[in-house]
Amino acid sequence: MDPSEPSIGRLRLKLRYKVLYHVGHNCADVDDLVQETLVRFFRAEQRKTIRNAEESGAFVNGICRNVILEYRRRARREPQLDPDLPFPDAGIRPEADVLEMRDAIDHGLKELAERDRAILRSFYLEGKEKDEICRQWRMNDAQFRVVLFRAKERFRRAYGLGVKRTGGNDHQVDE
Amino acid sequence: MNMVCGREPIERERVIAKYLSRSLDAEAVEEFEAHYLGCDECFDELQVSERVAADLRASNVARKQTNGVSILRFKANAELTHSARELDELRREVLEQSDSRVLIDLSRVTRIDSAGLGQLMSCYSHLVKNRGALKILNPAPEVMKLLDMTGIGTLIQTFHDEQEAVGSFDD
């Protein structure tokens with residue numbers, strides 16, 4: 001793995017995302033779990049136990065999974081002393097985060113037509129398959145792509161989230 | 001391992017949507033996580049999609065209590081139309097709550113159709129059945145016109161001043 005600062009920062013961000021997904025946003029030990037994963041990962045790298053650099057994602061994922069499992073086992077053995085401490089929320093973002101998000105997206109979904117919103121809700125929240133949604137809204141694949149990726153582009157711009165494109169046009173909206 | 005990269009973008013988005021809604025099985029979650037930990041592009045797509053989903057999930061209806069009256073207000077411009085999520089939110093906020101005195105601020109409602117009018121009537125009937133009342137605050141002229149045309153305006157009291165509206169529940 002590339003040992004540069006930005007690269008490590010990026011890996012930390014991804015690990016934080018994974019850990020939060022599994023232990024919830026109320027867990028106070030998220031950063032410790034991420035740090036422990038990173039320490040184990042870089043130790044393994046130094047010992048050259050990662051055979052294939054291409055598969056470092058899978059390797060660090062395995063380490064992180066073990067760190068989370070150990071944490072859960074420990075938490076079960078040593079229950080929280082304070083019964084009022086919030087229980088992990090299974091990864092759902094706290095309301096404050098969501099509100100902060102809403103404020104940040106004046107140019108985001110608010111601009112979308114109600115029809116687009118309903119389509120996106122079916123896809124992201126109700127777990128409906130693309131074909132089912134297309135049938136329901138009498139649209140074809142291309143129109144569905146436009147709805148989906150136009151919304152994502154708006155959010156990408158609103159948050160300044162960008163991916164260095166590598167030549168392919170996978171993410172482009174064919175409007 | 002190439003679970004999502006290089007596939008049709010909608011296919012990747014499907015995996016991301018299922019990951020976010022926690023409907024991937026444990027094995028697929030592991031596989032996807034192992035992938036995005038090594039793939040910046042897929043991780044960025046995941047982050048953007050999470051924000052889209054969070055916004056879709058966030059309610060546009062704010063509730064406050066004043067003198068025993070629940071005031072429902074839309075946080076952003078809203079349409080009370082057939083496919084609008086606000087219709088669902090309104091149903092949840094009125095029909096699935098125990099409050100019996102409800103004032104709905106319609107000032108940010110830009111459009112209403114038969115489904116929206118029907119929902120208002122359902123809310124009204126529900127509250128009256130529970131010995132409560134529904135009143136409306138600040139409807140836009142176009143919305144008011146429709147309320148009057150359908151006779152709902154004579155059934156549900158309308159106000160342009162919040163204090164006066166709240167006070168009217170004690171009359």
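Colleague: How many bridges join strand β1 (residues 61-66) of chain B to β2(B)?

Modeller: β1(B) and β2(B) run antiparallel; strands are DSSP runs of E with at least two residues, helices are runs of H or I with at least four, and both are numbered from the N terminus. Two strands are said to pair if DSSP finds at least two bridges between them. Within this arrangement, K64(B) stands opposite I71(B) in β2(B). The number of bridges joining β1(B) to β2(B) is 6.

Colleague: What pLDDT do local features need in this predicted model?

Modeller: Residues are numbered from 1 along each chain as its sequence is written, while chains are lettered from A and ligands numbered from 1 in the order in which they are written. The model is predicted, so that totals for chains, interfaces and linings use all residues, side-chain atom pairs count only at pLDDT 80 or more, and local features need a pLDDT of at least 70.

Colleague: Which residue in the turn between β1(B) and β2(B) has a positive phi?

Modeller: The two strands form a hairpin with 2 residues between them. In that turn, a phi of about 45 degrees belongs to N67(B).

Colleague: Which residue of β6(B) stands opposite L103(B)?

Modeller: Strand β4 (residues 101-105) of chain B is joined by 4 bridges to β2 (residues 69-74), the two running parallel. Across this pairing, I71(B) stands opposite L103(B) and S70(B) opposite V102(B). A further 5 bridges join β4(B) to β6 (residues 133-137), also parallel. There the residue opposite L103(B) is K135(B).

Colleague: How many of the residues of β4(B) are buried?

Modeller: A residue is buried if 20 or more other C-beta atoms lie within 10 Å of its own, exposed if 12 or fewer, and partly exposed in between, with C-beta atoms placed from the backbone. Both faces of β4(B) are covered, with R101(B), L103(B) and D105(B) on one side and V102(B) and I104(B) on the other. For chain B, with its 171 residues, 36% count as buried. In β4(B) the count is 5 of 5.

Colleague: Is R131(B) buried or exposed?

Modeller: R131(B) has a positive phi of about 55 degrees although it is not a glycine, and its place is in the loop between α5 (114-129) and β6 of chain B. Most residues other than glycine have a negative phi. Because R131(B) has 8 other C-beta atoms within 10 Å, it is exposed.

Colleague: Is R138(A) buried or exposed?

Modeller: R138(A) is found in the loop between α6 (130-136) and α7 of chain A, and its phi is near 50 degrees, a positive value in a residue other than glycine. Because R138(A) has 7 other C-beta atoms within 10 Å, it is exposed.

Colleague: Which element gives the most to the side of chain A that touches chain B?

Modeller: Two residues are in contact if their C-beta atoms, placed from the backbone, lie within 7 Å. The contact takes 38 residues from chain A and 39 residues from chain B. On the side of chain A, α1 (5-23), α3 (56-77), α4 (95-104), α5 (114-124) and α7 (141-159) each supply at least two residues. The element that gives the most, with 8 residues, is α5(A).
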